[in-house]
Amino acid sequence: MKIYFAGSIRGGRDDKALYLKLIQHLKKYGQVLTEHVGDPSLTHFGEDGPTDSFIYDRDMGWIQQADVLVAEVSTPSLGVGYEIAQAEMFKKPILCLWRNQPGKRLSGMIGGSRKVHNVTYDTLEEATRLIDKFFSNL
Ligand code: 6K6
């Protein structure tokens with residue numbers, strides 16, 4: 001199985017350690033195409049990285065190839081929102097993980113989509129259990 005994991009890059013890297021742990025867990029279900037999202041050395045700026053058109057073309061190709069998209073959406077990111085919309089268009093199963101945070105709510109454009117399986121969690125253990133449940137129902 002090919003898994004596209006989406007998490008914030010230029011939207012902010014506060015959750016990068018969490019992304020890495022979720023990616024490690026997802027690897028038991030198949031190949032994670034986007035392991036770089038959990039790279040601790042990847043900053044929100046990425047001045048030495050590939051061009052934006054390279055990133056866009058490669059990531060759109062990967063979403064098309066993927067069997068499933070899993071997004072961690074607690075740090076708002078334009079790129080992650082765009083990827084979720086594209087995955088909807090390609091009719092991919094989508095899991096969105098939202099960590100409960102006082103005073104914050106998930107965008108209605110994600111939380112309100114009937115094509116997205118939205119779940120909320122408090123701990124990493126809970127998030128991994130929700131991932132297991134999602135994959136067991138695929
Ligand atoms: C490194 C540091 C900053 O930019 C880079 C290189 N950029 C990217 N490399 C790989 N994937 C990217 C990059 N920028 C965005 N993406 C994709 O968009 C990832 O798959 C993420 O799920 C999502 C993050 O979007 P933003 O808007 O938070 O950057």
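Modeller: One term before we start: a crossing is right-handed if the near helix is turned clockwise from the far one by less than a right angle, and left-handed if anticlockwise. Also, keep in mind that this is a predicted model.

Biologist: Switching to aromatics: how many aromatic pairs does the whole structure have?

Modeller: The search of the whole structure turns up four aromatic pairs. One of them is Y29 with F135, a stacked pair with 4.4 Å from centre to centre and 10° between the planes.

Biologist: And where do Y29 and F135 sit in the chain?

Modeller: Y29 is in the loop between helix 1 (16-26) and strand 2 (31-32), while F135 belongs to helix 5 (residues 124-136). They are 106 residues apart, so the pair links distant parts of the chain.

Biologist: Back to helices. At what angle do helix 2 and helix 3 cross?

Modeller: Roughly 40°, with the axes of helix 2 (residues 52-65) and helix 3 (residues 78-89) coming within 10 Å. Helix 2 and helix 3 are therefore oblique to each other. Helix 2 passes helix 3 in a right-handed crossing.

Biologist: Who touches whom there, between helix 2 and helix 3?

Modeller: Y56, D59, M60 and I63 of helix 2 meet Y82, E83, Q86 and A87 of helix 3. That contact of helix 2 with helix 3 counts five nonpolar residues, one polar and two charged.

Biologist: New topic: where is D122, and what does D122 touch?

Modeller: D122 is in the loop between strand 5 (117-121) and helix 5. Leaving out residues up to four places away in sequence, D122 touches R99 and N100.

Biologist: Last one: what pLDDT does the protein chain average?

Modeller: The average is 96, and 99% of the residues score at least 70.

Terms used. Residues numbered from 1 in each chain as written. Predicted model: local features only at pLDDT ≥ 70, side-chain atom pairs only at ≥ 80, totals over all residues. Heavy atoms only, no water. Axes fitted to C-alpha atoms, helices over the stretch in contact; angles between N-to-C directions. Helix = DSSP H or I, 4+ residues; strand = E, 2+ residues; numbered from the N terminus. Parallel < 35°, antiparallel > 145°, perpendicular 65-115°, else oblique. Contact = heavy atoms within 4.5 Å. Nonpolar A, V, L, I, M, F, W, Y, C, P; charged D, E, K, R; others polar. pLDDT = per-residue confidence, 0-100. Phe/Tyr/Trp six-rings, centres within 6.5 Å; stacked < 30°, edge-to-face > 60°.
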